[in-house]
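My notes follow, in the order in which I looked things up.

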Amino acid sequence: MHQPQALQSLVPTDSTDIMVIANNPVLWICVAGVFGVIILQSVIFMKAARRAAPSVEMSPQDIKTSFRSGAVSAIGPSLAVSLVAIALLGLFGAPAVLSRIGLIGSAAYDVSAAGIAAGSMGAKLGDASYTQSVFTVAFFAMSIGGAMWMLATLILTPLLRKGDAKIRSVNPAAMAIVPAAALIGAFSCLGFTELPKSGVHVVSFLISAAVMGLCLLLAWKLGKSWLREWGLGFSIVIGLGAAYLAVGA
């Protein structure tokens, strides 16, 4: 029975031409479906936020400000993901990078999972032993990990919602403090783990923190709320510039 060419190229072989299978049209169709779901979810969440806004006394202007702040805050993480994605295109191809690293999971986990999967077959990522068969196993390992993340979110979110309701019934003020404390703790942990790596990391961390603090201070002193929204973007760009100058020094 004759198979279509697109399906034939999905059958892994011992060839080292990874891009033949990594850029298969079937995978591109799957990626388009993933992006479609993400866009649909975003629209649903935005509509839900607008409907829920009056119940928490948020005005239409507050909603616009929150959406704008979220968009600005996403610039830094998006730049980081984009740089990693570009570096990994040669290993995994565009569809795999877009569906895994660009949407779900983390680059560090995906590369580690792919490396372990390749090692289980006696191969290494990127060298002569990295065949189409190895790529298939590595991509499968990455995808399984992403699926588990999504299942964990699906299972744990209702449980966390119950915990949120319980805390609110005991002490409503606590839920105004706990989320902020959790965010501060999470981002502080991410920042401090970078400090031991090199002096460049320390310089970038301190300058970014100083720029963010200055933006918040000026926003408070001058009454310019837009500085709070754009402060993260400014701190990221200036921190990257400082790191570049520190490396070249």
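I began with serine 235, which counts as buried because its relative accessibility is 5%. My classes are buried under 20% relative accessible area, exposed over 50%, and partly exposed in between, with a 1.4 Å probe and protein chains only. Serine 235 lies in helix H10, residues 225-248. Leaving out residues up to four places away in sequence, I found that serine 235 touches Ser208, Val211 and Met212; contact means heavy atoms within 4.5 Å.

**Ground rules**

I noted that this is a predicted model, where local features need pLDDT of at least 70, side-chain atom pairs count only at pLDDT 80 or more, and totals for chains, interfaces and linings use all residues. Residues are numbered from 1 along each chain as its sequence is written, and side-chain values use heavy atoms, with hydrogens and water left out.

**The whole chain**

I looked up the secondary structure next: the protein chain has 10 helices and zero strands. Helices (H or I, at least four residues) and strands (E, at least two) are DSSP runs, numbered from the N terminus. Of the 249 residues, 23% count as buried. I also checked the contacts with a separation of 6 or more: 55% of them are between residues 24 or more positions apart. The accessible surface comes to about 16,000 Å², and carbon and sulfur atoms hold 74% of that; the areas come from the Shrake-Rupley method with a 1.4 Å probe, and for residues only the protein chains shown count as cover.

**The core**

Which residues touch the most other members of the largest nonpolar core? They are Phe92, Tyr130 and Phe135, in a core of 19 residues. Helix H2 (18-22), helix H5 (75-100), helix H6 (107-120) and H7 each give two or more residues to this core. Such a core is a set of buried Ala, Val, Leu, Ile, Met, Phe, Trp, Tyr and Cys residues joined through side-chain atoms within 4.5 Å. I then listed the partners of tyrosine 130, again without residues up to four places away in sequence: Thr16, Ile18, Leu91, Phe92, Lys124, Leu125 and Phe135.

**Cysteines**

I searched for disulfides, meaning pairs of cysteine sulfur atoms within 2.5 Å, and the structure holds zero. Is cysteine 215 buried or exposed? Cysteine 215 counts as buried because its relative accessibility is 8%. Cysteine 189, at 48% relative accessibility, therefore counts as partly exposed.
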